[in-house]
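Welcome! Keep the picture open as you read.

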Amino acid sequence: MANNKRPENMERIVTPALAEQFIQEQVNEIKAQVGDKKVLLALSGGVDSSVVAALLIRAIGQQLVCVHVNHGLLRKGEPEQVVEVFRNQMKANLVYVDAVDRFLDKLQGISDPEQKRKVIGAEFIRVFEEEARKQEDIHFLAQGTIYPDILESGGVKAHHNVGGLPEDLQFELVEPLRLLFKDEVRVVGDALGLPAGMVYRQPFPGPGLGVRCLGAITRDRLEAVRESDAILREEFAKNGLEGKVWQYFTLIPDFKSVGVRNNKRSDEWPVIIRAVNTQDAMTATVEDVPFALLQHITKRITSEVKGVNRVCYDLTPKPTGTIEWE
């Protein structure tokens, strides 16, 4: 987009050769801004928040308090990866919040996509606020704001919902990535030693799998989405499509179809596969996945994922379809 550029007088762009220089400059700026005070960060495990966390750990170590909220809508293995990378490997001061039941209970029976988003966002704010109030002497709030966020949303990282914190929690913001584009953030993440699976993580909606478990979310169907998505990602990685396809995932609608399992009639869900390529997310084309691979993925999903008897491939470009279904 023509207006999606930084000021022309910016001194440089972050490249692999300049990554260490950028990191050191930000470490110095963070130390100067923060001093001996504590910083709070909502660590989702996404690219931006993970890179910010790694950068602040290098700068201020245990002064950073990371809060990871597991709302039950993350992809398979993601909460475990956050704990492994940040608590076990980087020795971060990490608060892990298991809020799965809390979120899923709130979402029970809600089928409208926008209402689901509102419930997830509002509940995240409440959980994060509760954890923030448990901490002492927090003066700063770190955010994974990047340059497109500043252009599009005034600097508030909407998918972290931090903008909704109560006014009495008057934290000063720490936003070390605020002038970077996503590809530059990944360069910094590489230089900071974050695992490739985290640095090159696919785009993921703020409500997570909540918008890929179509309609009212049920725990069994949500688990089927998570397991089928894991199979798809594993097979794309094995077959050279990881990194080639911009975004790929599975979703499950809120209806069943008749099938046959063990020589008996079965009423189970269909899984829909979506795999698209795009430059700006305004338009998207469908990836031409080899038919033999689709057959193999279908066999795995229908045999390994409980409650699924069909697999469909979405052939719709954007427009007329959108990338996500909800």
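The notes below go through this predicted model by topic.

**The open sheet**
- Start with an open sheet of five strands, where the pairing is parallel and the order is β3-β2-β1-β4-β5.
- Because β3 (93-98) and β5 (172-174) stand at the edges with a single partner strand each, one side of each has no neighbour in the sheet.
- On average, neighbouring strands of this sheet are turned by 30° against each other, direction ignored.
- Look at how β5 is attached: strand β4 (residues 138-142) runs parallel to β5, and three bridges join them. In this pair, F140 stands opposite E172 of β5.

**Helices on that sheet**
- Helix α2 (residues 47-60) packs on the sheet and touches β1 (38-42), β2 (64-70), β4 and β5. The direction of α2 makes about 160° with that of β1.
- Helix α5 (residues 113-134) lies across β1, β2, β3 and β4. Helix α5 also runs at about 160° to β1.

**Strand β8 and its partners**
- Strand β8 covers residues 264-277 and is mostly covered itself, with eleven of its 14 residues buried.
- Strand β6 (residues 247-251) pairs with β8 in the antiparallel sense over five bridges. Here Q247 stands opposite V276 of β8.
- Strand β7 (residues 257-261) is another antiparallel partner of β8, again over five bridges. G259 has S266 as its bridge partner in β8.
- The hairpin of β7 and β8 has two residues between the strands, and N262 takes a positive phi near 55° there.
- With strand β10 (residues 308-313) the pairing of β8 is parallel, and five bridges join the two. P270 finds its bridge partner, R310, in β10.
- Strand β9 (residues 285-286) runs antiparallel to β8, and two bridges join them. V276 turns up again here, standing opposite V286 in β9.

**Nonpolar cores**
- In soluble globular proteins, nonpolar side chains tend to be buried together.
- The largest nonpolar core in this model has 53 residues. Those with the most contacts inside it are L40, V69, F128, F171, F236 and I301.
- Another core, of 41 residues, lies apart from the largest one, and V14, V47, L55 and M198 are among its members.
- Which residues does F236 touch, not counting those up to four places away in sequence? They are L241, E242, V245, Y248, A275, V289 and I297.

- Is E242 buried or exposed? E242 has a relative accessible area of 55%, above the 50% cut-off, so E242 counts as exposed.
- E242 sits in the loop between α9 (219-238) and β6. Neighbours within four places in sequence aside, E242 is in contact with F236, A237 and Y248.
- E242 and Y200 are 42 residues apart along the chain, and their C-alpha atoms are separated by 9.7 Å.
- D314 is in the segment after β10. Its relative accessible area is 9%, under the 20% cut-off, so D314 counts as buried.
- The side chain of D314 makes a polar contact with the side chain of W325, at 3.0 Å.
- Leaving aside neighbours within four places in sequence, D314 is in contact with I272, I273, R274, V286 and W325.

How values were computed
Residues numbered from 1 in each chain as written. Predicted model: local features only at pLDDT ≥ 70, side-chain atom pairs only at ≥ 80, totals over all residues. Heavy atoms only, no water. Core = buried A, V, L, I, M, F, W, Y, C linked by side-chain atoms within 4.5 Å. Buried < 20%, exposed > 50% of the residue type's maximum accessible area, 1.4 Å probe, protein only. Contact = heavy atoms within 4.5 Å. Helix = DSSP H or I, 4+ residues; strand = E, 2+ residues; numbered from the N terminus. Pairing = 2+ DSSP bridges. Polar contact = N/O pair within 3.5 Å; in protein donor to acceptor, adjacent residues only side chain to side chain. Axes fitted to C-alpha atoms, helices over the stretch in contact; angles between N-to-C directions.
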